[in-house]
Every structure is written in C-alpha cells, then in structure tokens.
Amino acid sequence: MKPETEAELAEMVAGLTEPVNIVGGGTRGITGPAATIETVGLSGIALYEPGALTIVAQVGTPLARIEAALEAEGQQLAFEPMDHRGLLGTGGTPTIGGVVATNISGPRRIQAGACRDFLLGVRFVDGTGQVVKNGGRVMKNVTGYDLVKLMAGSCGTLGVLTEVSLKVLPKPEVSATLAIQVPDTTTAIRALSAALKSPFEVSGAAYDPQDGQALLRVEGFAESVAYRVEQLKSVLAGIGEIAEVSDSAALWRALRDVAAFHGKDGDVWRISVKPSDTPDLAARLEAKQTLFDWGGGLIWALVPNGTDLRARLGAFEGHATLVRAEASTAETLGRFQPEAAPIQALTNGIRHKFDPRGLLNPGLMG
Amino acid sequence: MEMPRPNPEVLARKQTVVSRLLRVLPQDAVIHDPAETRAYECDALTAYRCPPMLAVLPSSTAEVADVLRICNEEGVPVVPRGSGTSLAGGALPTADCVILGIARMNEVLEVDYDNRFIRVQTGRTNQSVTGAVEEDDFFYAPDPSSQLACAIAGNIAMNSGGAHCLKYGVTTNNLLGVTMVMMDGNVVEIGGAHLDAGGLDLLGVICGSEGQLGVVTEATLRILRKPEGARPVLMGFDDNEVAGQCVSDIIKSGILPVAIEFMDTLCIKACENFAHAGYPDCTALLIVEVEGSEPEIDYQLSKIIEIAKRHNPVELRESQSAEESAKIWLGRKSAFGAMGQMNDYMCLDGTIPVSSLPEVLRRIGELSEDYGLPVGNVFHAGDGNMHPLILFDANKPGDLEKCEAFGADILRLCVDVGGCLTGEHGVGIEKRDLMTHQYDPADLEAQMAVKDVFDPNWLLNPAKVFPLDVSEARRDAQIAAE
C-alpha cells in the first residue's frame with residue numbers, strides 16, 4: 001500500500017486485517033511482515049523558516065532533498081544522520097521519516113544531541129487509524145506529554161509517522177580534525193575523554209583501531225577552529241603523536257556510515273555504553289573488527305555470523321542492537337536489547353494502547 | 001479555577017493513612033496538623049490555594065516507594081512537590097491529597113568528569129547541581145530563572161528551560177537517566193550514563209509529564225565543561241518589529257549565541273530599578289550573549305554588532321567586565337520579582353514562531369488596552385518563548401478574572417500563529433482548560449493513554465494537564481474503584 005495523503009493512510013490503517021511492515025525509503029534494514037505500507041507518497045517540505053531554525057516536512061521526503069534545502073541557506077541537520085546503505089547493502093532513498101522513526105544520529109550526537117533532541121513535532125496515524133499530533137514547530141514546547149520523543153526511534157511500532165518538524169542549525173564555516181596515534185582502546189578513550197571534557201567544543205570523537213587513530217573534530221568559524229585545534233594539541237600532548245587530517249568532511253562521513261565494515265562478511269552490532277566501560281567491554285567482544293564513536297560510548301562491532309553478542313557481553317549498563325544479520329539470526333536474538341521486566345511491561349502497555357491490534361511492525365522491538 | 005470535589009471517603013480515612021505512613025516514615029516526616037499542612041497550600045502560582053490533607057517528606061527512594069504503595073492501596077491522590085516554584089500550579093494540592101515533598105533528598109550521588117555526568121537525588125536545587133561541579137569548571141546547562149530554589153525533580157517534571165537553552169537545550173536534552181518510583185511503589189531504572197534508549201524512549205515521555213507518571217527520585221544529568229568565557233551585549237531599539245528582525249538576522253547569519261533575551265519598556269524599567277544594570281531607556285532591549293575564548297567572543301560580537309547596526313539601534317553596548325555582565329543577567333533573571341514589586345502579576349509562557357514576534361507583540365498591546373491591564377514582555381527571543389507578565393490587583397474584585405481572561409486570549413493567540421501554550425513552565429492547572437485549543441480530542445487521548453499505562457488509577461498529580469471534563473471519566477473510574 002502506498003498512500004498519497006494522511007487521510008488515505010488513516011483509512012488504510014483502520015482497514016488493516018493483517019500485520020504490516022512500515023517502509024520509508026527502505027534503506028535501514030527494518031524487516032517485517034510481507035504486507036507493507038510505504039510512506040514515499042507523503043512527500044514535500046511544508047515549511048522552512050531559516051530565521052526560526054525550523055523545517056517541517058512530510059515523512060516520505062527524501063533526506064537529500066531536505067539537506068539540499070538546508071544547504072542553500074547555510075544550515076544543516078546537526079545530528080548528522082547516518083546513511084545505512086553501504087553497511088546494509090540496501091538500495092532505495094533515505095527519507096526523513098525513516099531517520100526519525102529509527103532515531104538515527106551520527107558523530108555529532110556527542111555534542112549537538114540525537115535526532116530525538118531536534119524533533120519538535122510529529123503527526124502520525126496510530127494502529128487504529130486515528131490521526132494524532134504532538135509537539136509543534138516551535139523550539140520550546142512543554143504543552144502536554146512529550147510523545148514526540150516517544151515516537152522518535154519507535155520504528156513504526158506505535159504508529160505511522162506522516163509529518164515531522166525539526167530544529168536545524170547553522171552549518172559550521174570550517175571543520176578540522178586531529179588524529180592522535182594511540183596504542184590501544186584504553187589510551188584512545190583517555191584521549192577522547194580528555195578532549196571532550198575540555199572547553200574546546202569537540203563535535204566528533206571517534207577511534208578506529210585499524211589504524212590506531214583517535215580522531216577529534218572541531219567545527220566553527222575559521223579563527224575559532226584554528227584556536228581550538230592548537231588548544232587541543234596541548235590538552236592531548238603526551239598521549240601520542242598528533243597530526244591534522246586534511247579531508248575532514250570525507251573522513252567523518254566514512255565514520256558516520258561505518259565505511260570500515262562495508263562489504264565485509266559478518267553480523268554488525270551497535271552498542272551504547274558509558275565510555276569508561278568501553279575498553280573492558282571491547283575486550284570481551286572477540287570481534288573481527290571494531291569502530292568507536294561518541295567519545296567511545298558507541299561501539300560498532302563486526303562479528304562472525306550468528307554470534308550471540310549479548311550472551312558474550314553478559315550484563316552491562318547500556319544496550320546492544322543487532323544492526324545487520326541474517327533474518328534467522330535477527331529472529332533468534334532479537335534486534336533490540338531485551339529490557340528489564342518492569343520497563344518491558346511499560347513499553348508493552350504503551351504499544352498496546354497505540355496499536356491495540358498489534359499490526360504495526362509487530363515484534364520488531366521485542 | 002475549578003478543582004475536583006475532594007473524595008469524602010479519602011478524607012474520612014485520614015487517620016488510617018497517617019498511622020500507616022508513620023509506620024514507614026519518621027515522626028517529623030509526616031505532617032498532618034492543618035496549621036502545618038497550610039505551608040503546602042500553593043506553589044509560585046499563588047492565586048490558587050488549597051491545603052492538602054497531609055504532607056510527607058521522605059528521605060530515600062525506599063521511603064518514597066513506601067509512601068506511594070500505601071497511597072495507592074488507600075486510593076489517596078499524591079501531588080509530588082520539588083521546591084514549589086511552579087508558575088503553572090504544578091504542585092497545587094487537592095484537599096484530599098498527600099503532598100510528597102522531595103526536598104530532603106538532595107545528595108550528590110556520583111560525579112564523573114570522564115563520562116561527563118552527575119547523579120543526584122532530585123530534591124537538590126538546580127543551582128547546587130552546578131555548585132557541586134563548578135570548582136572543577138563544569139556546569140549543568142538548564143538555567144531556569146528560579147534556579148536558586150527550584151529542584152531537579154520539578155525541572156524534570158516540567159522539562160524546564162532557561163535563558164541559555166538556545167545553545168544547550170532544555171532539561172530533556174540534558175537528562176540521561178532516572179530512578180523513578182511508580183504509583184504502585186515499584187522502582188524502575190530508565191536510561192543511565194550511556195546515550196539513547198535501547199527501546200522506546202520512556203525517558204523522553206517521563207520528562208515533562210508534570211509528575212503524573214511517577215516520582216523521579218534520582219537523576220543522571222549531563223554536565224559540560226564551562227566555556228572559557230562569556231560576554232553579553234545590550235542592544236536597544238525604538239521598535240519591537242525592528243528588534244524582532246534583528247533577532248532573526250542574527251540567527252540566520254550562522255552565529256548561534258547562547259542566549260538572546262528580549263525585554264520591553266515596562267520590564268526594562270522594572271528590572272533597571274531592581275538591578276541597576278544600566279539598561280537603556282528604549283522600546284525593546286535585547287541581551288545577546290556569546291561564549292568562548294576572548295578572541296572568539298570578540299569575533300562573534302563584532303559580527304553580531306555589525307548586524308545590529310543595520311537596524312539603527314538606539315543603544316549598543318558590550319559588557320566591559322564580569323561585574324557588569326553579572327548585573328545585566330541579574331536584571332533579566334529578576335524580571336518576575338521586579339515586576340512583582342509593581343503589582344500582582346500573572347506570568348505567561350507561550351511559544352511562538354520567531355517570525356510572528358512583531359504581530360504577537362502588537363496584538364498583546366491591543367489586548368492590554370482592551371482589558372485595561374498593563375503587560376510587560378520579557379522572553380527568550382531566540383527560541384520564541386514569550387513571558388508576558390500581566391499586572392493586576394488581587395485585592396480589586398474582578399481583576400484576577402479579567403487577568404485570567406486576558407492571559408487565555410494571549411495563549412490562544414500563541415497557538416493560532418503556530419506556537420504553543422507553554423514553552424517551559426508546564427500546563428499545570430493554569431493552562432489545563434486551554435489544552436483543547438491546541439490539541440484535538442484524539443491528541444489528548446493519546447497522551448492520556450500513556451498515563452493509563454503508568455498510573456492506571458489516575459492518582460498522581462490529579463486535575464493537572466488535562467481539562468477536567470476530558471479526564472473526568474478516568475478520574476471517576478478511579479473513585480469507583482475505591
């Protein structure tokens with residue numbers, strides 16, 4: 001099914017008789033029932049006010065179109081959404097709805113916040129076919145409960161998004177990246193952490209063990225970036241050899257999209273943890289390859305097919321999501337980290353209220 | 001303000017409830033003498049008062065859990081209270097409720113600079129969270145004007161903002177995790193020092209739920225390294241519209257100040273008399289603050305001043321010293337108090353799209369004349385969060401009602417131009433009955449469905465957020481379940 005309007009979508013959902021998979025651009029590897037509702041027909045930028053830092057768009061609007069509109073005004077989506085196509089081997093065109101539904105954020109999340117932090121308002125059709133709105137298009141809004149955050153990252157399980165409002169930010173004039181040569185994960189996290197707790201506003205903090213480099217990005221106007229780069233060099237002095245990387249933009253795009261794993265065989269996991277726990281946890285992964293973002297708080301792990309990584313990690317503070325695997329592995333292990341019983345009871349309760357018939361991406365999130 | 005009729009069966013069980021509570025709490029933590037419960041009869045929205053049946057002051061999460069379990073079993077409504085600084089009546093009691101004051105729980109539990117978070121008990125005040133880390137040059141970003149007194153518990157309940165959230169976001173953007181006690185006494189842990197939810201973002205919906213989903217007793221908060229420096233510039237204009245255009249031009253220029261504050265004539269005068277900050281005598285004043293090292297500040301301010309000059313300001317002045325900056329901010333943060341010295345006031349909190357600023361200010365001026373009540377405007381201009389302060393005389397019959405009607409007109413105006421009823425103070429009781437102007441029945445139903453899941457008996461912070469007639473069926477069901 002491919003609705004062209006919100007009203008049409010509402011009617012389709014109300015008339016559903018079997019479970020459906022909600023599909024945006026189909027790039028993020030969200031699999032589900034054979035029947036689908038595709039949102040690409042709901043497309044277009046409804047409003048863009050650069051002076052108010054806000055954009056409102058239908059969910060099927062291609063992400064590239066939104067980014068181009070922002071670019072023309074020197075603005076951007078500051079949470080730097082990842083493009084999953086290279087990692088997952090998917091085709092299609094990423095949509096803004098897909099970004100929001102999966103709450104996808106890139107390296108700048110560590111400084112600017114996640115997709116959910118920039119989401120100002122939503123319209124969606126719940127599992128009964130009812131149209132619901134929450135939030136709006138203004139930057140500060142505490143009117144009633146914040147269902148906006150609840151919908152971000154709910155992967156279509158609470159309703160089908162139709163329209164989203166987002167806060168945007170000015171695009172920085174320039175960006176620079178420092179690479180610090182480090183011998184191991186512990187040293188890398190120490191370097192990233194030292195930079196992140198400095199006043200020099202680091203907007204990217206990653207570590208690629210393949211080449212043993214801790215990477216730090218600074219963005220802003222030219223004089224400020226030059227100043228902060230120098231200051232960071234002295235903060236990091238003594239940890240390892242420091243060099244400035246020339247093509248900063250391409251480097252962070254590659255980190256954002258986990259290019260290091262593209263085309264390589266194995267399952268891909270994404271683990272969110274407290275950065276100081278990372279070295280220990282990383283040692284337990286026995287991964288084929290790893291990549292660290294968010295100051296070490298985000299671990300990407302490439303492991304042999306079928307690995308039960310959660311069993312290997314045991315109890316830890318945080319969560320592990322299975323991003324890429326055979327359908328059978330995903331089915332056995334579950335894509336999302338199982339939650340503690342009382343939390344599971346709350347999420348089940350909410351899901352039952354929003355989708356009482358259990359028809360929207362059922363079972364996807366547990 | 002209409003409040004639900006107190007449940008006589010609950011009132012009749014007062015002694016039973018007191019004795020059960022005394023079994024789990026120390027003597028001095030259960031307040032049941034009407035002379036003492038009166039201290040909890042209102043919050044900072046002083047126009048509405050109602051002494052609670054009881055007040056309790058637990059000292060631990062376990063004690064909070066005991067209190068809630070008992071109240072749940074006895075069918076007693078519970079009104080959680082931080083420091084009682086709500087401007088929306090968020091902590092206004094009902095006559096049959098137990099006030100659960102969190103003030104005794106104010107410890108710092110953990111400070112972790114490497115991972116950049118602090119874990120506190122939520123009775124701790126906003127300012128003392130920063131106080132716990134500022135020696136090491138860190139701070140907690142959300143800075144509501146009441147930050148000296150307001151508790152983190154209330155900040156989480158209302159998703160509080162502040163003057164500097166243009167850059168740093170509001171509470172929800174700085175909250176990493178909570179320990180929360182459910183109405184049935186169960187304790188849940190949500191989030192933590194790691195980023196993002198593993199499943200549904202429950203933390204996101206708890207923040208800003210006005211104490212209606214659970215009682216948050218501990219919070220993990222993001223702390224940030226203090227910038228090397230900060231400096232405000234004052235800009236005076238003789239026209240609101242021009243000031244609004246200047247704000248928009250600054251934002252579009254690509255420089256993002258940490259704060260852009262706006263004051264109109266009435267507020268400028270009141271604040272100047274109060275803080276002697278050297279505010280110019282003009283129609284519209286902007287305080288624009290930027291951060292960074294000295295050269296970074298100079299660079300940003302030079303660009304901002306260049307933009308301001310295009311709008312022919314009547315005054316343009318950079319702060320020359322830390323003392324002067326402090327005075328400039330003291331004036332702004334004292335706005336409510338300073339206006340309060342002139343008369344009684346009601347403070348509103350609607351947000352509008354920044355582009356509607358001139359139109360909304362013009363309409364407010366017209367309404368002020370229609371109602372015959374003066375209004376001062378002070379607000380966070382960068383994000384469109386307005387704080388019109390309507391002056392009235394509480395002792396003059398009919399003035400409060402007139403003020404309420406005026407306020408409601410302003411808030412409806414905010415919604416009509418594409419904004420919302422409240423940007424950072426919360427709905428409470430104050431804006432409860434206006435919710436239907438912003439939301440359709442289905443929108444409210446979806447929100448109430450969340451409450452059904454967390455608090456099926458609708459006992460937590462009753463009669464707030466949702467219009468009484470909209471929530472009536474659910475509250476009736478709760479009383480029937482007795």
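The axes of helix α10 (residues 240-252) of chain B and helix α15 of chain B come within 8 Å and cross at roughly 150°, where axes are lines fitted to C-alpha atoms, for helices over the stretch in contact, and angles run from 0 to 180 degrees between N-to-C directions. α10(B) and α15(B) are therefore roughly antiparallel to each other, given that angles under 35 degrees count as roughly parallel, over 145 as roughly antiparallel, 65 to 115 as roughly perpendicular and the rest as oblique. Helices (H or I, at least four residues) and strands (E, at least two) are DSSP runs, numbered from the N terminus. The structure is a predicted model, in which local features need pLDDT of at least 70 and side-chain atom pairs count only at pLDDT 80 or more, whereas totals for chains, interfaces and linings use all residues. Residues are numbered from 1 along each chain as its sequence is written, and chains are lettered from A and ligands numbered from 1 in the order in which they are written.

The crossing of α10(B) and α15(B) is right-handed; a crossing is left-handed if the near helix is turned anticlockwise from the far one by less than a right angle, and right-handed if clockwise. Asn240(B), Glu241(B) and Gly244(B) of α10(B) form the contact with Leu357(B), Pro358(B) and Leu361(B) of α15(B), two residues being in contact if their C-beta atoms, placed from the backbone, lie within 7 Å. By class, this contact has three nonpolar, two polar and one charged residues, where Ala, Val, Leu, Ile, Met, Phe, Trp, Tyr, Cys and Pro count as nonpolar, Asp, Glu, Lys and Arg as charged, and the others, Gly among them, as polar.

Helix α15 (residues 357-371) of chain B also packs with helix α16 (residues 399-416) of chain B, at an angle of about 160° and with the axes 11 Å apart. That angle makes α15(B) roughly antiparallel to α16(B), and the crossing of these two helices is right-handed. On α15(B) the contact is made by Val360(B), Arg363(B), Ile364(B), Leu367(B) and Tyr371(B), and on α16(B) by Lys402(B), Phe406(B), Asp409(B), Ile410(B), Leu413(B) and Cys414(B). Sorted by class, the residues of the contact of α15(B) with α16(B) comprise eight nonpolar, no polar and three charged.

The domain assignment of chain B, with bounds that come from an automatic or database domain assignment, gives domain 1 (1-226), domain 2 (230-335) and domain 3 (343-437). The C-alpha centres of domain 1 and domain 2 of chain B lie 34 Å apart, and five residues of domain 1 are in contact with eight residues of domain 2. The side of domain 1 of chain B that touches domain 2 of chain B has two nonpolar, two polar and one charged residues.

Chain A is likewise divided, into domain 1 (6-170), domain 2 (174-256) and domain 3 (259-333). The centres of domain 2 and domain 3 of chain A, taken over C-alpha atoms, are separated by 23 Å, and the contact takes 15 residues from domain 2 of chain A and 14 residues from domain 3 of chain A. On the side of domain 2 of chain A that touches domain 3, the elements that give two or more residues are α8 (185-196), β11 (202-208) and α10 (248-256) of chain A, with α8(A) giving the most, at seven residues. By class, that side of domain 2 of chain A has ten nonpolar, four polar and one charged residues.

Between the chains, the contact takes 68 residues from chain A and 74 residues from chain B. Helix α14 (residues 341-354) of chain A gives the most to the side of chain A that touches chain B, with seven residues, and the residues of this side divide into 28 nonpolar, 24 polar and 16 charged. Helix α9 (residues 222-236) of chain A and helix α12 (residues 294-309) of chain B pack at an angle of about 170°, with their axes 10 Å apart, and α9(A) and α12(B) are therefore roughly antiparallel to each other. Glu223(A), Ser224(A) and Tyr227(A) in α9(A) meet Pro295(B), Glu296(B) and Tyr299(B) in α12(B), a contact that has three nonpolar, one polar and two charged residues.
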